Amino acid sequence: MEAVEEIQRICKVPSICFGVLHKGEIIFTRGLGERRPGSNLSPDEDTLYHLGSVSKMFLSSAVGIAVDDGKLGWNTAVSTYIPDFNPIGDPEIGKRADLIDCLRHSTGLGNPQILIQAPRGHIIGREEDFVKLMNEVPTSNGSGQRFNNWWLYNNYSYALAAIALQNVYQQRYHKFLRERIFKPLGMSRTAVTTSDFIHDDNVAPPTARLEDGQVVLLNSEEFTSGEHTPTLAAMGIRSSVTDMLKWATAVLTAEKAEAKAKEHEIGGLPCPPDVPDSGSSSQYPSKNPLKNISITRRSQWTRPVPDKYQNESAYGLGWCRMTMPSSMLGWTGWNYMTRYDNEKTNQNYILGTSSPPKLVIQHNGLNNGSSCAFYTFPETQSAIIAFSNGIQDGDAADFTAHTMIQALFDLQPHVDLLPLVKTEAAKRHNKFYQDILSDWKEHRDTDQPEALLTEYEGKYEALATILNIARIHTSDGKRLSITWDGVLNTRRRLDFYNKDTYSFLPLTQDEWLAESMFDWDHYTTGLLEFHRDKEGKVNELLWKYDEWEHPAIFKRKSV
């Protein structure tokens, strides 16, 4: 426990909450710190935290139920269920991309996350425009079309599967989850709508710690909205240690049952009466509703392993599957400063290098100001869940989970993880100034002439998104500003950067954190480059909203 307390101190997070399941029974839960800064209230097993991308495993499980119902097919084209889905960059995606492609990140579609998640935690764009947006995102890179040629993590390809589910059931996604999964499993401390938690005082809100030590709460309510299924399905669910251990029990039990049934099917024998399909465990009260779990948790797309052990590593459907020992443990988490640095630091901290190989199926979840780590171990019917409501100096939840994994299985040799935690925290703390702002300053040239601000004003449209450019009064005179989709609280000041180019990138780490702009992690994501027609009038702007994509062209529609 001292190690987890030290992780909390090093990562400077308000709270950490975690629990352990072993051999089908809960053996440990604990909360440290304050769930809401200044409240003097500790988190407990019922405290609600953001799941982030751990939300994805609920969607893949919902699809598994729908397949069992005969409503959806794993290998049926998504356009069968969403007739308007037809990406213009590659017609083959509309014709052939199926639910497996959506859930294993192989559609080749660009990730429009920054187009949907505006500054200050606002979710913009209407759900009814979502398919139009996905039809317009890029589908290729310098190597050609990406469909089933590239693995490209995309939060919002998941949303297509959720929209398909809504269409075939004629029911909102959050209601399906509640009726078909949460209620049967007794998961009463899981939130899928704003009303589920907005008046609940046992919530750990996402936070950011500023340079002076002040902890600010980050706006996050719009992520958990039943009215925006795309974001809810990809990263918006909130849950608790209690419910995630119930979920782990259900998943592990269903997976074991499917494996037994498969063995007897291959042998030509009837399914044995002891197959645990009725949820007899004390962890949940009613029949296990989960179907096709073994499909969601099998390897769907292998991932390269940079260590000498070269054990299995693959993405499934909302799950990552690997065999320990492996440097890939927790690779969907936030601790990548020591994973991808030149020194390959994390390879000096691989767990269990002298212990027997161990299958792990897991996923991490991240949101602005929060993290979640969820690990399952089928061979021992074990699971570990860890949450944190701070993230700026490393992923405390994942470090906590690794600490618990090492202790639970007595992995050998023992690895002191705290030096890794300290290195990650230091590198993460300096990332904004060293990797973002320094590049921004290097490429800025204010010696270029600045045109009249009125030449740029207007609405610019592309990718089902409207950017409003307008003048505002500031303490140092009139400046340009940008507002997303007319939502005034997304407005940011534009600073002159180069000729016909303006920037809305925060210029301090405190502002970057407080404005919930963690995902704006390359200087070009904050630049708007205005272009002119033959007469010299501004007619479009280019925005490289994703470091890995070509700039999007927003056409000027009005002044």
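Visitor: How are axes and angles defined for helices here?
Guide: Angles run from 0 to 180 degrees between N-to-C directions. The axes themselves are lines fitted to C-alpha atoms, for helices over the stretch in contact.

Visitor: At what angle do the axes of helix α2 and helix α8 cross?
Guide: This is a predicted model. Helix α2 covers residues 56-69 and helix α8 covers residues 173-185. Their axes come within 11 Å and cross at roughly 75 degrees.

Visitor: Is α2 roughly parallel or roughly perpendicular to α8?
Guide: The crossing angle is roughly 75 degrees. Angles of 65 to 115 degrees count as roughly perpendicular. Therefore α2 and α8 are roughly perpendicular.

Visitor: How many nonpolar residues does the contact of α2 with α8 have?
Guide: On the α2 side are Phe-58, Leu-59, Ser-61, Ala-62, Ile-65 and Asp-69. They meet Tyr-173, Phe-176, Leu-177, Arg-180, Ile-181 and Phe-182 in α8. By class, the contact has 2 charged residues, 1 polar and 9 nonpolar.

Visitor: Which residue does a cis peptide bond join to Pro-325?
Guide: Pro-325 sits in the loop between β13 (320-324) and β14 (358-367). The cis bond has an omega of about 5 degrees, and the residue it joins to Pro-325 is Met-324.

Visitor: What is omega for the cis peptide bond of Gln-412 and Pro-413?
Guide: Pro-413 belongs to the loop between α12 (396-408) and α13 (418-442). For the cis bond that joins Gln-412 to Pro-413, omega is about -10 degrees.

Visitor: Is Gln-381 buried or exposed?
Guide: Gln-381 is in the loop between β15 (370-377) and β16 (382-388). Its phi is near 50 degrees, a positive value in a residue other than glycine. Buried means under 20% relative accessible area. Gln-381 has 16%, so Gln-381 is buried.

Visitor: What is the relative accessible area of Arg-120?
Guide: Arg-120 lies in the loop between β4 (117-118) and β5 (122-123). Phi of Arg-120 is positive, near 65 degrees, in a residue other than glycine. Arg-120 is partly exposed, and its relative accessible area is 22%.

Visitor: What is the radius of gyration of the protein chain?
Guide: The chain has 14 helices and 24 strands. Its C-alpha atoms fill a box of roughly 80 × 50 × 50 Å along the principal axes. A compact globule with 559 residues would have a radius of gyration near 24 Å, and the chain agrees with this at 24 Å.

How values were computed
Residues are numbered from 1 along each chain as its sequence is written. This is a predicted model: local features need pLDDT of at least 70, side-chain atom pairs count only at pLDDT 80 or more; totals for chains, interfaces and linings use all residues. Side-chain values use heavy atoms; hydrogens and water are left out. Helices (H or I, at least four residues) and strands (E, at least two) are DSSP runs, numbered from the N terminus. Angles under 35 degrees count as roughly parallel, over 145 as roughly antiparallel, 65 to 115 as roughly perpendicular and the rest as oblique. Contact means heavy atoms within 4.5 Å. Ala, Val, Leu, Ile, Met, Phe, Trp, Tyr, Cys and Pro count as nonpolar, Asp, Glu, Lys and Arg as charged, and the others, Gly among them, as polar. Buried means under 20% relative accessible area, exposed over 50%, partly exposed in between (1.4 Å probe, protein chains only). The radius of gyration is taken over C-alpha atoms; the globule rule is 2.2 Å times the number of residues to the power 0.38.
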